[in-house]
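Here are a few exercises to work through with the model in view. Try each task yourself before you read its solution.

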Amino acid sequence: MELIIGTKRWSTWSLRPWLALRKTGASFTETEVELRRGEATKADLAAHAPSGLAPVLKDGDLAIWDSLAICEYLAERFPAAGLWPADPAARAQARAAAAQMHSGFVALRSECPMALDQPPQVKALSPETQEDIRKLVRLWRELLDRFGGPFLAGPWSIADAFFTPVATRLRTYGVDLADYGDDGQAAAYAARLLQDPDFLAWEAAAQG
């Protein structure tokens, strides 16, 4: 398998399936396409998938070009990896959380892009982004309370891959979750995501 990814410093969409693929233990090659180069980036990505976007997973003659679709494919291809929880209720809620991240939290994503090459810095946030963070804290706390942690649906799952880039954003822009209704549980969860060995490997490569 080959995973086409965008620049590791910035590409949240690439980080998510990369984490899931690492958790399978399967061997794969990665091809990093430098983003933010205008037409050159478009041409490089168009050579890999009709979407012209990263990430893309190639498995034989199959190409999958959406981060959530890639993760779902990996969960089916490697069932023993447990990328989704075994319990139906936990699995359904983990899927819902991942889908919410996939299509939601637009203000947070646009105002606080992932920037693994930047030192932490406090940033004034818009009311829309602040509401996204309050929504995030509520979601994390509800799932952690229901399934007992240490991750959103118990063991690590694709849902946690989807929120790992968010944890980097909170760190980069100096967001104190206590200001948004957190009792410490959501902040501890974010810290666990940032200590995951696979994420640390990605981060080291991004900063290298």
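**Exercise 1. Find which residues of α1 meet which residues of α3, and describe how the two helices pack.**

Step 1: list the contact. In α1, the residues are W13, R16, P17, A20 and L21, and they meet S67, I70, C71 and L74 of α3. Contact here means heavy atoms within 4.5 Å, and helices (H or I, at least four residues) and strands (E, at least two) are DSSP runs, numbered from the N terminus.

A word on the source: this is a predicted model, where local features need pLDDT of at least 70 and side-chain atom pairs count only at pLDDT 80 or more, while totals for chains, interfaces and linings use all residues. Residues are numbered from 1 along each chain as its sequence is written, and side-chain values use heavy atoms, with hydrogens and water left out.

Step 2: sort the contact residues. For the sorting, Ala, Val, Leu, Ile, Met, Phe, Trp, Tyr, Cys and Pro count as nonpolar, Asp, Glu, Lys and Arg as charged, and the others, Gly among them, as polar.

Step 3: get the geometry. Two packed helices are described by the angle between their axes and the distance between the axes. For α1 and α3 the angle is about 5° and the axes are 9 Å apart, so α1 is roughly parallel to α3. Axes are lines fitted to C-alpha atoms, for helices over the stretch in contact, and angles run from 0 to 180 degrees between N-to-C directions. Angles under 35 degrees count as roughly parallel, over 145 as roughly antiparallel, 65 to 115 as roughly perpendicular and the rest as oblique.

**Exercise 2. Work out the strand order of the sheet, and say which strands stand at its edges.**

Step 1: read the order. The open sheet has four strands, β2-β1-β3-β4, with mixed pairing. Two strands pair if DSSP finds at least two bridges between them.

Step 2: look at the ends. β2 (29-33) and β4 (62-64) each have a single partner strand, so one side of each lacks a neighbour in the sheet. From one strand to the next, the twist averages 20°.

Step 3: go through the pairs. β1 and β2 are parallel, with five bridges, and I4 stands opposite T31 in β2. β1 (residues 2-6) and β3 (residues 56-59) run antiparallel and are joined by three bridges; L3 has L57 as its bridge partner in β3. β3 and β4 are antiparallel too, over three bridges, and D59 is partnered by L62 of β4.

Step 4: check the turn. Two residues lie between the strands in the hairpin of β3 and β4, where G60 takes a positive phi near 65°.

**Exercise 3. Describe how α4 and α6 cross.**

Step 1: take the axes. Those of α4 (residues 88-103) and α6 (residues 127-147) come within 12 Å and cross at roughly 165°, so α4 is roughly antiparallel to α6.

Step 2: list the contact. A89, A90, Q93, A97 and Q100 of α4 meet K135, L139, L143, R146 and F147 of α6. These divide into six nonpolar, two polar and two charged.

**Exercise 4. Which backbone features stand out at F105 and at P150?**

Step 1: recall the background. Most residues other than glycine have a negative phi, and most peptide bonds are trans.

Step 2: look at F105. Its phi is positive, about 55°, although F105 is not a glycine. F105 sits in the loop between α4 and α5 (106-111), and its relative accessibility is 4%, so F105 counts as buried.

Step 3: look at P150. A cis peptide bond, with omega about 5°, joins G149 and P150. P150 lies in the loop between α6 and α7 (158-172).

Methods. Buried < 20%, exposed > 50% of the residue type's maximum accessible area, 1.4 Å probe, protein only.
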